Amino acid sequence: MKDKKNETERTLTRRQFIKHTSIATIGGSLLLSNHDLVFAETKTTAKNPLTDVVLVRNKEVLDKRGKPRNEVVLEMLDGAISRLTSTKDAVEGWRTLIKPADVVGIKTNVWSPIGTTKAVEQSLKARVMSAGVSEQNIAISDRTVLDDPVFKKATALINARPMRSHHWSGVGSLIKNYIMFVPDPYNYHDDSCARLGEIWTYPIVKDKTRLNVLVMFTPQFHNAGPHGFSPKHVWNYYGLLVGFDPVAIDTIGVKIIQGRRNEYFGEERPLTPPPHHIQRADTDYHLGTADLNNINLIKIGYDQGSFC
């Protein structure tokens, strides 16, 4: 006879696309966050010292052309939000993060070979609206955030972008995604973009980020040159990394990318340059934790070849 408790734990979305849930504890310490709401939602206390990061994967997320299916993307996000907020209903969970009076900027990434995708953008927008925010108070933007009227008055930000190796910073991931909030992004390229965490302390974004989503549908694990892309250096991972701590999520993302690099090249092949801006975001700017021992990785769904 199957254990009823275990069956309940495996049922996390309306369509029951999640086959299993496992919690892999790969660390333990306090999440360093400036946002009171996020601090409360992660329940980072002396009794629960770990930073939660949800990895949700579903092989059905990509269609035969490699494009994400909108309904599956929404299911994946719903499952992640339910776990992060400890709610049975994802909309209820979103309402703990976003209030009807909020003005919300969804910071996306429009790099053409691998973008955030419309499916992710529109799923996030739909859930923000389900939390009571009017459409006129929501904007989705990347390179024009400094000129966008909604972003100029935003009270809440959602940070969403794809994971890829990067010529200047080692990886392009969540911390780097805010580089467009400064008028001179080229001034942050020194020392492998070590100062990226500083941008998160500026008034335009400080304490505003309610959720971070690292898109791992088809991550890029290797590149050559500033804008290098080759289809042979991406693979179908079918995933999303979701959480409140961008440093912790980026740390897991790097672990996954590094695992794929080692498998592909048949040897240990470190990212070049090393993405030390992630560690600096922890130690210098206190944006979150880059220590794997301080991260509670929650896995939902497909787990083969996860590299973490």
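This is a predicted model: local features need pLDDT of at least 70, side-chain atom pairs count only at pLDDT 80 or more; totals for chains, interfaces and linings use all residues.
1. The expected span of a helix is 1.5 Å times one less than its number of residues, where helices (H or I, at least four residues) and strands (E, at least two) are DSSP runs, numbered from the N terminus.

2. Residues are numbered from 1 along each chain as its sequence is written, and side-chain values use heavy atoms, with hydrogens and water left out.

3. The protein chain has 10 helices and nine strands. Of its 308 residues, 55% count as buried, where buried means under 20% relative accessible area, exposed means over 50%, and partly exposed lies in between (1.4 Å probe, protein chains only). Among the contacts with a separation of 6 or more, 71% join residues 24 or more positions apart, a contact being heavy atoms within 4.5 Å.

4. Helix H3 (residues 70–85) packs against H4 at an angle of about 60°, with the axes 8 Å apart; axes are lines fitted to C-alpha atoms, for helices over the stretch in contact, and angles run from 0 to 180 degrees between N-to-C directions. That angle makes H3 oblique to H4, given that angles under 35 degrees count as roughly parallel, over 145 as roughly antiparallel, 65 to 115 as roughly perpendicular and the rest as oblique. The crossing of H3 and H4 is left-handed, a term used if the near helix is turned anticlockwise from the far one by less than a right angle, with right-handed used if it is turned clockwise. On the H3 side the contact is made by Asp 78, Ile 81, Ser 82 and Thr 85, and on the H4 side by Ala 90, Gly 93, Trp 94, Thr 96 and Leu 97. These residues divide into four nonpolar, four polar and one charged, where Ala, Val, Leu, Ile, Met, Phe, Trp, Tyr, Cys and Pro count as nonpolar, Asp, Glu, Lys and Arg as charged, and the others, Gly among them, as polar.

5. Helix H4 (residues 90–97) also packs against helix H5 (residues 118–130), at an angle of about 80° and with the axes 8 Å apart. That makes H4 roughly perpendicular to H5. In this contact Val 91, Trp 94 and Arg 95 of H4 meet Leu 124, Arg 127, Val 128 and Ser 130 of H5, and the residues divide into four nonpolar, one polar and two charged.

6. The axes of H3 and H5 come within 9 Å and cross at roughly 55°. That makes H3 oblique to H5, and H3 passes H5 in a right-handed crossing. Asn 70, Val 73, Leu 74, Leu 77 and Asp 78 in H3 meet Ala 119, Val 120, Ser 123, Leu 124 and Arg 127 in H5, and the residues of this contact comprise six nonpolar, two polar and two charged.

7. As for burial, 12 of the 16 residues of H3 are buried, so this helix is largely enclosed by the rest of the structure. The buried residues of H3 include Asp 78, Ile 81, Ser 82 and Thr 85, which belong to the contact with H4. In H5 the buried residues include charged ones, among them Glu 121, Lys 125 and Arg 127.

8. Some backbone values deserve a check, since most residues other than glycine have a negative phi, and most peptide bonds are trans. Ser 86, in the loop between H3 and H4, has a positive phi near 55° and is exposed, with a relative accessible area of 56%. Thr 117, in the loop between S3 and H5, has a positive phi near 85° and is partly exposed, at 22%. The peptide bond from Thr 272 to Pro 273 is cis, with omega near -5°, and Pro 273 lies in the loop between helix H9 (246–265) and helix H10 (277–283).

9. Pro 113 lies in the loop between strand S3 (104–107) and H5 and counts as partly exposed, at 35% relative accessibility. Its C-alpha atom is separated by 9.7 Å from that of Gln 220, 107 residues apart along the chain.
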